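Here's a quick tour for anyone meeting this structure for the first time. Have the 3D view open as you read.

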Amino acid sequence: MSRYTPPEQSKAGQVFDIAVVVVAIFVALWLPLKLGLAGAAKSIDALDAKTWEALGQNPTMASIWEKLGYTPETAHDIIQNRFHYVIDWPTLIIMAAVLIGYFVFLFRASDREYRDVINEKFDDK
Amino acid sequence: MTIALEPAAPAVQGDRVSLLRVLGPAHVWALGVGIVLVGEFTGWNFSADKGGALAALIVCWVVGLLYTSVAMIDSEVTSTVAAAGGQYAQAKHIVGPLMAFNVALFLVFAYTMLEVSDAILLGDTIVAKAGVEGLTHNSFIAATIVVLAWLNYRGVLMTLNVNFVITAIAYISIVILFFSVSPWTQGAVLKLNELVTPGNALPYGWIGVIAAFQFGIWYYLGIEGTTQAAEEVRSPARSLPYGTMAGMITLLIAAAMTWYVCASLMPWEYLGITYYPLWDAGKLTGSALLENLLFVATLLAALASANGCINDAARAWFSLGRDRYLPTWFSAVHPKYRTPYRSILFLLPIALAFAFIADLNQAITFSILSGVLQYTFMSINIIMFRKKWPLGSIRRGYTHPFHPIPAMVLFCLCVVTFFAIFLGFGSQLIAMVAFYFLISLWFHFYRYKFVRRGDQFTMPWPKPQGY
C-alpha cells in the first residue's frame with residue numbers, strides 16, 4: 001500500500017477549523033445553558049404552614065438550620081425544592097437512540113480509519 | 001493531577017517534547033488524588049440532593065466499585081501502552097483515530113469543566129467567608145483561572161511537588177475533622193441517628209439512589225488521569241497499578257469519612273445544596289480552628305485541582321494538534337518555557353466563559369458527562385485490546401484479574417449513570433452527546449484527511465488479530 005501523504009493546510013484553513021471547533025463548543029454547551037435547558041429539573045412544593053414541624057424537621061434538624069442562619073420561612077424553598085422523578089419515555093428513547101447511535105458511529109468509523117493505519121503501518125515492513 | 005512538562009522535558013526535537021522517566025508510585029498517587037480530592041470538598045453532596053443522605057453513601061461505595069474497575073482496566077492497558085496521553089494513546093492504538101479524537105475531547109472537557117467548577121467553588125467560598133454585601137465571585141473566578149493559566153504558560157517548576165503538599169494538607173484536614181468530632185460516639189457532636197432517620201434516609205426511594213449516581217461520580221472523577229504520566233513513570237508496570245490502586249483506597253477512605261461527618265452534622269436538604277459541605281461541617285462543630293482549617297483546605301483543594309486540570313487539558317489539546325487531528329497551530333511548544341502555550345491560551349477563554357455562565361452543578365454535570373463517556377469507551381476498549389492482542393502475544397506490564405467481569409461491571413454502571421443523568425439533567429446530556437456526534441462527523445468526513453495514517457501507531461507490537 002502506498003503511503004498516504006496528507007495535504008498541507010493553509011493558515012486560513014487552520015483559522016477556519018479553529019472557528020468551527022469554537023462555534024461547535026459554544027452552540028452545543030453554551031446554548032442549553034442560555035435557553036435554560038441545562039441544570040436540575042426541580043420545583044418547589046409550596047406549603048401554607050411554614051413551621052419546622054410542617055417542613056418535616058425534628059428539633060435537632062431545626063436547631064442546625066437555625067445555627068446556619070435559617071428560619072422556617074427562609075428554609076422553606078430549600079427543603080421543599082424537590083426532584084419529581086417521572087420517566088418521560090419519549091425523551092428517554094431519544095437519549096438512548098442518540099447515545100447508541102453515537103457509539104455505533106464512533107466504533108464503525110474508527111474501525112475504517114484504523115484499517116488505513118494498520119495497512120500503512122504493517123505494509124511498510 | 002499535574003504533569004510538569006518542563007522538568008521532565010530536557011530535549012525538544014522539532015515540536016516533539018521527550019519526557020524523562022522520573023516518577024514513582026508515590027507520584028502516581030499524588031497525581032490521581034491531587035485532582036480528585038476537591039470532590040470531597042464539593043460536588044459529591046449533590047448526590048444527597050438527588051436521592052437523600054443514605055443514597056449518597058450507597059453511591060459512594062457502588063461508584064467506588066466503578067472506579068476500581070476503571071483502575072484495574074486502566075492499569076493493564078496503560079502499563080502496556082506506556083505513552084503520554086493516557087487513554088488518548090490507548091484509543092489510537094486499539095480502536096482508531098476518530099475514537100482517539102473523541103477521547104481527547106472527553107479529557108479536555110472533563111478537565112476544563114472541572115477547572116471551571118474549582119474556580120466557582122473557590123470564588124463562592126471566598127465571597128461567603130468575606131460576608132460583604134454586593135461582593136460577587138466573578139473577580140475571584142477570573143483571577144484564579146487567569147493566574148493559574150499564566151503559571152502553566154510559564155511552566156510551573158515543581159508543580160507536582162507543590163500540588164503534592166497542597167493535596168496532603170487538604171487530605172489531613174479531613175482526617176483532623178473526622179477525629180475532632182469523636183466519630184466513635186453519637187450525640188455529643190455528631191447526630192447521625194437524628195438527622196438520617198428511617199423517614200428521610202431515602203426520600204425518593206430507590207429511584208433516588210439511581211439518580212444519585214450522577215454526582216456519586218464526583219467522589220472519584222479524575223483518578224484515571226494517573227495514566228497521563230505513563231511516559232514519565234520509571235516502572236509503569238509496577239508504579240501505575242500500585243499508585244492508582246493506592247489512590248483509590250485513599251479516596252474511598254476520605255469519601256467515607258466525609259460522608260459520615262457531613263451527614264451527622266447537617267440535614268440532607270441542606271447537605272444537598274451547599275457548595276462547601278466540609279467547610280460547613282467545620283462551622284457546625286463550633287470550633288473556630290476547624291472552621292478556618294476547612295476553609296483553607298477547601299481553597300487549597302480547589303487550587304490544586306484547577307492547576308492540574310489546566311495542565312492536563314492543555315496537554316490533551318496539544319496532542320490533538322501534534323497528531324494533526326486539529327490544526328497544527330496548537331502543537332507549538334513555547335521556545336523558552338517549553339509549554340503547550342497556544343493550547344493553554346486557547347482553552348483559557350472557554351474556561352472563563354463557562355465559569356461566568358454556568359453554575360456549579362451545571363459545570364460539574366458537563367465534566368461528569370465527559371467522564372462517563374470515557375468510562376464507557378474504556379469498558380469496550382479492554383475487550384478489544386484482549387481480542388486484538390491476546391494474553392501472551394505482547395508483553396503486558398500488568399494483567400488485571402477476572403477479565404471480562406470488571407469491563408462488564410464498568411459498562412453496566414455507566415449505563416446506570418447515563419440513566420441517572422437523564423433523571424433531572426436529560427437535556428444537558430442530549431446536548432453534550434449531540435456536540436460529540438457533530439464534531440465526530442466533522443472529523444471523520446473532513447478533518448481526517450490531514451492525518452498521517454501510519455504515524456498513528458507507534459508501539460512495537462505485532463499486527464493486531466483480525467486485520
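This is a predicted model: local features need pLDDT of at least 70, side-chain atom pairs count only at pLDDT 80 or more; totals for chains, interfaces and linings use all residues.

## A helix under cover

Let's start with helix H5 of chain B, which runs over residues 87–94. How many of its residues are buried? Eight of eight, so the helix counts as mostly covered. Among the buried residues are Tyr88(B), Lys92(B), His93(B) and Ile94(B).

And what do the buried residues of H5(B) pack against? Their partners are helices H4 (53–80), H6 (97–130), H14 and H16 of chain B. Just past the end of H5(B) sits Gly96(B), with a positive phi of about 145°.

As a rule, most residues other than glycine have a negative phi.

Where do you find them? Arg324(B) is in the loop that links helix H14 (288–322) to helix H15 (341–357) of chain B, and Arg338(B) also lies in the loop between H14 and H15.

Are they buried or exposed? Arg324(B) has 20 C-beta neighbours inside 10 Å, so it counts as buried. Arg338(B) has 18 other C-beta atoms within 10 Å, which means it is partly exposed.

## A cis peptide bond

Most peptide bonds are trans. The bond joining His403(B) and Pro404(B) is cis, though, with omega at about 10°. To spot Pro404(B), look in the loop between helix H16 (360–388) and helix H17 (405–445) of chain B.

Definitions and conventions: Residues are numbered from 1 along each chain as its sequence is written. Chains are lettered from A and ligands numbered from 1 in the order in which they are written. Helices (H or I, at least four residues) and strands (E, at least two) are DSSP runs, numbered from the N terminus. A residue is buried if 20 or more other C-beta atoms lie within 10 Å of its own, exposed if 12 or fewer, and partly exposed in between; C-beta atoms are placed from the backbone. Two residues are in contact if their C-beta atoms, placed from the backbone, lie within 7 Å.
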